[in-house]
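Subject: Structure handover

Hello,

Here is the structure we talked about, with the sequence alongside. Please keep it open while you read the notes below.

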Amino acid sequence: MKFGVKAWSKGRARAGVIQLIGEMEIETPALVLSTRKGLPFFISPDLFPSLPSPDSHFLHVSPLHFLEGLTPKTISNIGGLHQMLGLHEFGFAAVPRDSIVCLPDCDSTNKTGASFETPCGRLLIKPVEYMKMISSMNPNLWVTLADEVPAWVSEKRNKTSVDRTLRWLDDCIALNSIGGAVLGAIVGGSSVEERRRCAQEVAKRNVSGYWIGGFGLGESMEERSTLLNTVTDNLPEQKPRKICGLELPEEVLQGIASGVDLFHSTYIYHLTIGGFALTFPLDRTVGNVSTPQLSDIGSDGTKINLKATVYRKDTSPIVDGCSCYTCQNHTKAYINHLLNVHEMLAQTLLEIHNTHHYLGFFRVIRESIKDGKFEEFWEQFIGNRREHIFAASLTA
Ligand SMILES: [Zn+2]
C-alpha cells in the first residue's frame, strides 16, 4: 500500500492518493463502500462496472461475517478474499466493526478479547482468532482489534479500553504472518487526554496507517471536532487515517475538516433500505432551497423519499443529469412502483444511484480541497441544510 498527501486546505483537510492494487490509484478523501460478506448489499457483481471507477473499487469487509460459516482454513484454501469473491481488481479493508450487524458490545468485552453483537449472537474475539481470519483473508488493509466504548462510559472504563486496544495492537502485529498494510486502532472515547495518549502511543508503532474508532457511539457533534483534532494532530502526516462511525454528509465533512482520509459509511445502505435517494447538488453551487411537499415525508433537502405518493406519476429521473444507470434508464414513478410492490429491484436501483451520488460528493470535496476552498464548501453545505430545516419548519 502506498499513500501520499497531495494538497491541503487552509485547515487540516487534505487530498491525497492511495494505491492498493497494482497501479490503480484511488484519490482521498475516499469512501470505502460497505459490504455484506464482501459484496455490496443489493448490487450484483456484474453491475459493478456501472459504478464510477476506480472510486468504487475500495470495499469494507468485516471478518466477523464469516466467523460462523467458512473457517479460516477454507477461506485460505480458496485463496483468500479476492479469489473467494472473484474481485481481483478491488481493494479490501478488513475492520471487525461494520456498524450494521457487527456492533461493539463493550459490556461483554474483557481482557482476553473484544465482544460484538452479530446475527449469530454475541461473539468474543481474541487477537489470536482475529489474526487467523486476517491471515486467511489476506485483505489489502486491515485494522487491529479495538475495545470500542460509547461516550458515556466511566473514566476508568475508558482508560481500560485504551490500555487493551494498545495491548491488542501489539499482539496483532506480533501474530501477523501475512505482512500487508496494518492500520493501528485508536480509541479514547470522549476524553481528550485518552484520545491524545492513545494516538501518541499508536504513532510510535510500526503501522502503515491509522484507524480511528469509538466515534458514532454517543458523542455530541460539538465535542467531536476537538476529539478528532486531538487524534489527527498527534499522527504523522504521511500515513492514511480511516474512521468508522461518521456517516452522514455533515459528519463526513466534519471528519475531513479534521484530516481524516478514508470513511466507511453505512449511510447508503440505510437510505436505500428506507426508499430514499440522494439529491443534493454536486456542483459546489448554493442549491435552491425548495419548499418541501407535505406528502413527501422524510425529504430534507439532501434526499427524497421515493415511497411518497407525490412521485407516483413523476416521469423524471431521480436527479436530472445524473449519469448513473438508474437515472439514465428509469423514472421516479417506476421506482415508486417497485417500492410499493416490494420488488428488490427498487433497492438495487437505489443503491446504484446512492452509491454514485455519494462517491460524487467525495469527488466534489476533493476538488474543493485542491482549489483551497474546502472551508467555504463546508460552510455552504451546512448553511443550505440549516436554511432547508428552517423552510421545513415554516411549512410544518
Ligand atoms: Zn442517478
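Pro-104 stands opposite Phe-116 in strand 8. Strand 8 covers residues 114-118, and strand 7 pairs with strand 8 in the antiparallel sense over two bridges. Two strands count as paired if DSSP finds at least two bridges between them. Helices (H or I, at least four residues) and strands (E, at least two) are DSSP runs, numbered from the N terminus.

A word on the source. This is a predicted model: local features need pLDDT of at least 70, side-chain atom pairs count only at pLDDT 80 or more, and totals for chains, interfaces and linings use all residues. Residues are numbered from 1 along each chain as its sequence is written.

Strands of a sheet pair through backbone hydrogen bonds, either parallel or antiparallel.

**The sheet 1-2-3**

Another open sheet has three strands in the order 1-2-3, and the pairing is antiparallel. Strand 1 and strand 3 (24-28) are the edge strands, each pairing on one side only. From one strand to the next, the twist averages 25 degrees. Angles run from 0 to 180 degrees between N-to-C directions; axes are lines fitted to C-alpha atoms, for helices over the stretch in contact.

Helix 11 (residues 345-370) packs on this sheet and touches strand 1, strand 2 and strand 3. The direction of helix 11 makes about 125 degrees with that of strand 2. Contact here means that the C-beta atoms of two residues, placed from the backbone, lie within 7 Å.

How many bridges join strand 1 to strand 2? Six bridges join strand 1 (residues 2-8) to strand 2 (residues 14-21), and the two run antiparallel. Lys-2 stands opposite Gln-19 in strand 2. A hairpin of five residues links strand 1 to strand 2. Strand 2 and strand 3 pair in the antiparallel sense over five bridges. There, Ile-21 stands opposite Met-24 in strand 3.

**Helix pairs**

Two packed helices are described by the angle between their axes and the distance between the axes. Start with helix 4 (residues 155-175) and helix 5. Their axes come within 10 Å and cross at roughly 10 degrees. Helix 4 and helix 5 are therefore roughly parallel to each other. Angles under 35 degrees count as roughly parallel, over 145 as roughly antiparallel, 65 to 115 as roughly perpendicular and the rest as oblique. Helix 4 brings Asn-158, Lys-159, Val-162, Thr-165, Leu-166 and Leu-169 to the contact, and helix 5 brings Glu-194, Arg-197, Cys-198, Glu-201 and Val-202. These residues divide into five nonpolar, two polar and four charged. Ala, Val, Leu, Ile, Met, Phe, Trp, Tyr, Cys and Pro count as nonpolar, Asp, Glu, Lys and Arg as charged, and the others, Gly among them, as polar.

Helix 5 (residues 192-204) also packs with helix 6 (residues 221-233), at an angle of about 25 degrees and with the axes 8 Å apart. Helix 5 and helix 6 are therefore roughly parallel to each other. Val-192, Arg-195, Arg-196 and Ala-199 of helix 5 meet Thr-226, Leu-227, Thr-230 and Val-231 of helix 6. That contact has four nonpolar, two polar and two charged residues.

Helix 10 (residues 332-340) and helix 11 pack at about 135 degrees, their axes 8 Å apart. That makes helix 10 oblique to helix 11. Ile-335, Leu-338 and Leu-339 of helix 10 meet Leu-345, Ala-346, Leu-349 and Leu-350 of helix 11. The count is seven nonpolar, no polar and no charged.

**Buried or exposed?**

A residue is buried if 20 or more other C-beta atoms lie within 10 Å of its own, exposed if 12 or fewer, and partly exposed in between; C-beta atoms are placed from the backbone. Helix 3 (residues 127-137) has Pro-127, Tyr-130, Met-131, Met-133, Ile-134, Ser-136 and Met-137 buried. Their cover includes helix 1 (72-78), strand 9 and helix 4. After helix 3 comes Asn-138, with a positive phi near 55 degrees.

Gly-383 is found in helix 12 (residues 374-395). Gly-383 is exposed, with 11 other C-beta atoms within 10 Å.

Best wishes
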